[in-house]
Amino acid sequence: MMINSENSGRSAANQKEKEPLKIILAEDDKDDQDIFMEAVNATNVPSDVTTVENGQELIDILKDRTEPKPDIVFIDINMPVKGGKEALAEIKSDQELKDIPAVMLSTSNHQKDIEDTFNSGANLYIQKPNSFASLILILKKVFMLHWTKTLLDPVKKVFFVSDRNISHED
């Protein structure tokens with residue numbers, strides 16, 4: 001099941017200046033989907049978010065030639081049908097999809113998960129924060145990294161982001 005939501009917190013003038021950031025969120029938890037979409041809206045970044053519930057739905061929508069390619073995908077590691085690591089590996093091994101920035105989401109901060117996703121080509125790994133305010137700050141940082149093209153060449157020392165290492169002064 002896909003849900004599209006366009007950030008409505010922007011002016012008509014701002015809408016004409018910038019195309020909305022096309023985001024796909026692969027997340028099986030409905031509450032986490034809702035919180036993510038509320039946090040994206042709170043960043044005031046013009047965006048169009050599509051949600052899918054597992055890695056297979058993500059792959060299907062990415063390979064659908066009638067759908068525009070997203071600017072960025074956020075992928076939960078633990079999902080049914082096809083998990084985030086498997087979906088990431090499939091995306092990064094596909095010539096048509098490999099350049100789409102992929103941000104991994106997980107409650108885990110296990111070194112193996114971080115290493116596996118980095119080695120598979122993920123552009124960033126975010127440990128899901130404990131607070132809504134931290135999620136907003138993290139998303140603002142991700143969007144800034146996206147616009148500065150930093151996500152295109154991930155650096156190991158800034159690959160892992162959590163609410164403990166994000167500056168609340170950004």
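This is a predicted model: local features need pLDDT of at least 70, side-chain atom pairs count only at pLDDT 80 or more; totals for chains, interfaces and linings use all residues.
View 1. L97 is located in the loop that joins α4 (84-92) to β5 (102-106). With a relative accessibility of 2%, L97 counts as buried. Leaving aside residues up to four places away in sequence, L97 touches L62, K63, K69 and I91. Of these contacts, L62 is 35 residues from L97 in sequence, and the two C-alpha atoms are 7.3 Å apart.

**View 2. Salt bridge between E96 and R65.** The two side chains meet with an N to O distance of 3.5 Å. Because E96 belongs to the loop between α4 and β5 and R65 to the loop between α3 (55-63) and β4 (72-76), the pair ties together parts that are 31 residues apart in sequence. Both E96 and R65 are exposed.

**View 3. Salt bridge between K82 and E90.** The closest N and O atoms of this pair are 2.4 Å apart. K82 is buried, at a relative accessible area of 15%, whereas E90 is partly exposed, at 24%.

**View 4. Salt bridge between D32 and K128.** An N to O distance of 3.1 Å separates the two side chains. The pair links distant parts of the chain, 96 residues apart: D32 is in helix α2, and K128 is in the loop between β6 (124-127) and α6 (132-147). D32 counts as partly exposed, with 27% relative accessibility. Together with E27 and D76, D32 and K128 are linked in a network of salt bridges. The whole structure contains 11 salt bridges.

**View 5. Negative surface patch.** D28, D29, D31, D34 and E38 form this patch. D28 lies in the loop between β2 (21-26) and α2 (30-42), and its relative accessibility of 32% makes D28 partly exposed.

How values were computed. Residues are numbered from 1 along each chain as its sequence is written. Side-chain values use heavy atoms; hydrogens and water are left out. Patches are made of residues with over 30% relative accessible area and no salt bridge: like charges are joined within 9 Å, nonpolar side chains (Val, Leu, Ile, Met, Phe, Trp, Tyr) within 5 Å. Accessible areas come from the Shrake-Rupley method with a 1.4 Å probe; for residues, only the protein chains shown count as cover. A salt bridge is a side-chain nitrogen of Lys or Arg within 4 Å of a carboxyl oxygen of Asp or Glu. Lys and Arg count as positive and Asp and Glu as negative; His and the chain ends are not counted. The place of a charge is taken as NZ of Lys, CZ of Arg, CG of Asp or CD of Glu. Helices (H or I, at least four residues) and strands (E, at least two) are DSSP runs, numbered from the N terminus. Buried means under 20% relative accessible area, exposed over 50%, partly exposed in between (1.4 Å probe, protein chains only). Contact means heavy atoms within 4.5 Å.
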